[in-house]
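Open the model in your viewer and keep the sequence panel beside it. This tour goes stop by stop, telling you what to select and what is there.

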Amino acid sequence: MKQFVAGLLVLTVVLSACNAKKEEIKKGGFNLNGTVSTFAEGKIVASVYKDGVGNVAIDTLEVKEGKFSMNHDFPMPEELTLEQLDGEWGARFWAENADMTMLGGKDWRDNQVSGGPMQDGANQYRKASAEFFKTHMSPYEYSSLVYQAKTEKEKKEAEEKVKKEKLAHLDFQKNFIKNNPTNPYGADLIWVRLTSKTGGESAAYLKTWADPIDPSIRNHPYVAKMFNMLNMMLETEAGLDKFVANAESVSYKVDQNFKGAVHTNVSYLSIFKDNNLCALTGTNLHDNYNSHGKEVEKTKTFVQIISTDGAELSRFEVQEDGLPSTIAVDDQDQIYICVGKQKKETRKFRGRTSTYMAPAGVKCLVYNKKGDLLKEFMLKGVKQASGSRIYEDKLLVSDVGSQLMQIYKKEDGTPVTKLGDLRPCCSILDFDVDKKGNIIVANLGSFRVDAYDFSGKKLVSFGQRGKGINDFWSCCNPVSVRKLDNNCVITVEKTPTRIKVYSKDGAQPIEGIDELVDGCFHIPVISDSQNNIYLASPNKGLVKCVIKG
């Protein structure tokens with residue numbers, strides 16, 4: 001009997017240990033049981049999208065007899081992508097900590113997933129959308145309708161119809177939230193408009209979308225995330241008056257005597273202590289970024305030193321393999337150039353293999369005014385440098401590829417901190433740093449200018465999509481921003497070009513500015529200690545604006 005009891009105790013201990021081991025293996029509260037109909041045996045790669053990185057694999061799942069399972073921790077709902085390894089089947093849906101099931105169909109659009117509040121809400125929205133689009137145009141038809149117009153009259157009629165369809169779709173989305181106040185997916189409809197170029201509306205307007213959401217679901221992680229963003233924007237959106245409260249009342253005009261029109265290939269600007277310009281010439285991040293992974297033709301890149309009247313004083317070539325994209329000058333007149341490196345990579349997607357050029361980091365080169373290379377170092381954490389500035393002992397670099405900004409020690413490139421929540425568009429992401437250390441970002445993807453301190457706290461936000469003097473227009477704007485020593489703020493818009501000066505008198509456009517770019521291209525801006533403004537254009541060369549006397 002004692003032996004039996006002892007054996008039972010041993011067995012209990014073993015089973016307890018096994019159960020404990022299972023609990024250790026268990027990753028979190030997301031439990032998915034799935035079936036697929038297109039293959040019985042194989043592997044599935046599960047991945048999620050990470051800002052600045054892309055799709056990141058988090059698990060590999062075994063399919064046996066057409067069935068598979070997955071366990072993971074998703075404290076915040078995320079869109080999960082499943083792809084058959086060496087096959088064409090795939091699925092994408094909202095995953096969160098819940099028991100979920102999936103019935104796999106023949107293709108990406110034929111899967112049925114349920115079980116999580118976010119995905120169930122998305123299913124409800126998808127069903128309602130299908131009904132809506134039975135009597136309305138799909139967004140995919142908007143551009144083709146305008147493109148197919150043969151006359152100017154037909155084009156205007158098509159544009160008016162598209163405008164009405166877009167407004168109808170907005171009303172549908174807003175009413176969906178209102179009529180389904182306990183559906184957490186409604187928060188994503190608002191989140192997209194808060195954080196991307198989809199809408200460019202003010203936070204006050206989007207609050208009217210969010211107000212109907214029932215208090216009973218506001219603790220849901222994704223809903224709470226949206227409200228945190230919305231409340232932060234409501235708090236900072238009203239701060240423009242304070243931001244330019246001490247700005248002088250000034251008006252600007254184009255300096256017709258400036259001889260900068262010959263400098264038509266400037267891609268970025270900085271300024272020396274003597275007010276001469278430091279220009280990066282001969283490269284274009286835009287073309288490289290939009291090459292869709294193809295190898296772009298290499299061109300010579302120069303640093304030009306240009307006088308205040310537009311004459312070239314000297315130049316030297318940047319001797320580095322890669323894509324020089326930004327330039328910044330410190331208080332010692334040392335020149336910091338960010339150079340994007342690339343490498344060839346292969347990629348498999350839906351059974352197909354392709355070769356492409358991928359970002360391989362950014363190197364910083366430091367020169368003196370004579371063109372002597374003083375030092376160089378890699379900048380950890382950035383993929384494609386689109387803007388750079390020096391503030392005291394810090395080098396700040398905006399990264400259009402990772403949608404963030406990295407701050408480094410300028411001496412050796414040691415990372416200090418980073419700034420997220422940035423919204424680039426059209427391969428453009430630029431910023432400025434004022435004398436107080438405020439980081440002012442042209443968040444063109446959200447039609448706003450946002451100011452932050454060095455900890456990443458947002459201080460002020462202004463702008464929305466529109467054609468009014470206080471709005472930003474086109475597909476995305478502004479492309480550049482500058483805080484002047486007289487405390488005025490300059491914003492730069494493209495397509496069509498509009499340069500605005502914000503002072504305590506409000507926003508005023510600078511008269512006499514021609515079209516500086518064709519399409520969605522960056523327009524660099526810099527100012528000197530006399531508050532003169534310089535703009536770089538591939539069409540018009542360098543343009544100088546001065547205060548009216």
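This is a predicted model: local features need pLDDT of at least 70, side-chain atom pairs count only at pLDDT 80 or more; totals for chains, interfaces and linings use all residues.

P478 sits in the loop between β25 and β26 (480-483). The peptide bond joining N477 and P478 is cis, with omega about 0 degrees. Most peptide bonds are trans.

Next, move to P496. This proline is found in the loop between β27 (489-493) and β28 (498-503). What kind of peptide bond joins T495 and P496? That bond is cis, with omega about -5 degrees.

Stay on T495, which lies in the loop between β27 and β28. Its phi is near 55 degrees, a positive value in a residue other than glycine. Most residues other than glycine have a negative phi. Is T495 buried, partly exposed or exposed? With a relative accessible area of 30%, T495 is partly exposed.

Now select N275. Look for N275 in the loop between β10 (266-271) and β11 (277-281). Here too phi is positive in a residue other than glycine: for N275 the value is near 75 degrees. N275 has 13% relative accessibility, so N275 counts as buried, the cut-off being under 20%.

Switch to a cartoon view for the next stop, a sheet. Select β4, β1, β7 and β8. In that order they form an open sheet of four strands with mixed pairing. Strands of a sheet pair through backbone hydrogen bonds, either parallel or antiparallel. Which strands are at the edges? They are β4 (67-72) and β8 (112-114), each pairing on one side only. From one strand to the next, the twist averages 15 degrees.

Zoom in on β1 (residues 30-35) beside β4. These two strands pair in the antiparallel sense over six bridges. Select F30, then look across to β4: H72 stands opposite F30.

Go to the second largest cavity, which has a volume of about 70 Å³. To see its lining, select L194, T195, M229, M233, D421, R423, N443, S446, R448, D450, K458 and S461. Then color by element: α5 (186-195), α7 (221-236), β24 (448-452) and β25 (458-462) are the elements that give two or more residues to this lining. Color by class instead, and the lining of the second largest cavity shows three nonpolar, four polar and five charged residues.

Definitions and conventions. Residues are numbered from 1 along each chain as its sequence is written. Side-chain values use heavy atoms; hydrogens and water are left out. On a 1 Å grid over the protein atoms alone, a cavity is a set of points where a 1.4 Å probe fits but cannot get out, and a pocket is an open set with protein on both sides within 12 Å along at least five of seven lines; lining residues have an atom within 4 Å of a point. Grid points are joined across faces, edges and corners, and a volume is the space filled by probe spheres set on the points. Ala, Val, Leu, Ile, Met, Phe, Trp, Tyr, Cys and Pro count as nonpolar, Asp, Glu, Lys and Arg as charged, and the others, Gly among them, as polar. Two strands pair if DSSP finds at least two bridges between them. Axes are lines fitted to C-alpha atoms, for helices over the stretch in contact, and angles run from 0 to 180 degrees between N-to-C directions. Buried means under 20% relative accessible area, exposed over 50%, partly exposed in between (1.4 Å probe, protein chains only).
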